[in-house]
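Me: I have a model here and some labels on it. I want the grounds for each label. Shall we go through them?

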Amino acid sequence: MSRDYKNMRLVVLFDMPVETDSQRREYVHFRKAIMDDGFMMLQFSVYTRYCANTSSADVHIKRIKDFKPKYGNIRILKITENQFEDMIMVTGERSEQEIVNNDDQLVVI
């Protein structure tokens, strides 16, 4: 019995080889395809997308399966928006990609 939860998140985690030119092209193609489908990078090789309900999430899961690369693996978590909001973030020092504005706001570039 499937429940049609509202306010879902898809979290896509992937690991793909990038040792050859063809593998790099496949990686770029997959990453571009999921971004074109509305996924945003949460961190390297981890992307997330909001879905209004389970039915919408299932449509995007099918698309990811259509984009799948020849090599590597993809994992998809389907969670509620409440579960996503309860995520605990543990950080170390800021990376080179982060800058602090003079008004103490963090800007990620």
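Me: Which exposed residues sit on the face of α1 turned away from its buried side, and what makes them exposed?

Reply: This is a predicted model, so treat each value as computed from it. The residues on that face of α1 are Arg 25, Val 28, His 29 and Asp 36. Exposed means over 50% relative accessible area, so that is the cut-off behind the label.

Me: Which residues of α1 are buried?

Reply: Gln 23, Phe 30, Ala 33 and Ile 34.

Me: How do you know that the buried residues of α1 line one face of the helix?

Reply: Look down the axis of α1. The buried residues fall within an arc of 95°, so they line one face. Their cover includes β1, β3, α2 and β4.

Me: How do you know what span to expect of α1?

Reply: The expected span is 1.5 Å times one less than the number of residues. α1 has 16 residues, and 22 Å is expected. From first C-alpha to last, α1 reaches 22 Å, close to that value. After α1 comes Gly 38, with a positive phi near 100°.

Me: Now α2. Which of its residues are buried, and what puts them on the same side?

Reply: Thr 54, Ala 57, His 60, Ile 61 and Ile 64 are buried in α2. They cover an arc of only 120° around the axis, so they lie on the same side of α2. The face turned away from the buried side carries exposed Lys 62 and Asp 66. Among the elements covering the buried residues of α2 are β1, α1, β3 and β4.

Me: What span does α2 reach, and what is expected?

Reply: α2 has 14 residues and reaches 20 Å from first C-alpha to last. That is close to the 20 Å expected at 1.5 Å a residue.

Me: Why is His 60 called buried?

Reply: Its relative accessibility is 6%. The cut-off for buried is under 20%. So His 60 counts as buried. His 60 is found in α2.

Me: What makes the pair of His 60 and Arg 49 a polar contact?

Reply: The side chains are joined at 3.4 Å. A polar contact needs a pair of N or O atoms within 3.5 Å, one able to donate a hydrogen and the other to accept it. The pair therefore meets the distance limit.

Me: Which residues is His 60 in contact with, leaving aside neighbours within four places in sequence?

Reply: Leu 10, Asp 37, Phe 39, Arg 49 and Cys 51. Contact here means heavy atoms within 4.5 Å.

Me: How do you know that Asn 53 caps α2, and at which end?

Reply: A side-chain oxygen of Asn 53 lies 3.1 Å from the backbone nitrogen of Ser 55. The limit for a polar contact is 3.5 Å. Asn 53 caps the N-terminal end of α2. In the sheet, Asn 53 of β3 is the bridge partner of Lys 6.

Me: What is the order of the strands, and which are called edge strands?

Reply: The open sheet has four strands in the order β2-β3-β1-β4, with antiparallel pairing. The edge strands are β2 (40-43) and β4 (73-80), as each pairs on one side only. Neighbouring strands are turned by 30° against each other on average, direction ignored.

Me: How do you know that β1 pairs with β4 and with β3?

Reply: Pairing takes at least two bridges between two strands. β1 (residues 6-15) and β4 share eight, in the antiparallel sense. Leu 10 stands opposite Lys 78 there. Met 8 has Thr 80 as its bridge partner. β1 and β3 have seven bridges, also antiparallel. In β3, Tyr 47 is the partner of Val 12. Both pairs therefore meet the requirement.

Me: What makes β2 and β3 a pair?

Reply: Three bridges in the antiparallel sense. At least two are required, so β2 and β3 pair. Gln 43 stands opposite Val 46. Their hairpin has two residues between the strands, and Ser 45 takes a positive phi near 60°.

Me: Where do the helices lie on the sheet?

Reply: α1 (residues 21-36) lies across β1, β3 (46-53) and β4, at about 170° to β1. α2 (residues 54-67) packs on the sheet and touches β1, β3 and β4. The direction of α2 makes about 140° with that of β3.

Terms used:
Residues are numbered from 1 along each chain as its sequence is written. This is a predicted model: local features need pLDDT of at least 70, side-chain atom pairs count only at pLDDT 80 or more; totals for chains, interfaces and linings use all residues. Side-chain values use heavy atoms; hydrogens and water are left out. Axes are lines fitted to C-alpha atoms, for helices over the stretch in contact, and angles run from 0 to 180 degrees between N-to-C directions. Buried means under 20% relative accessible area, exposed over 50%, partly exposed in between (1.4 Å probe, protein chains only). The arc is that of the directions from the helix axis to the C-beta atoms.
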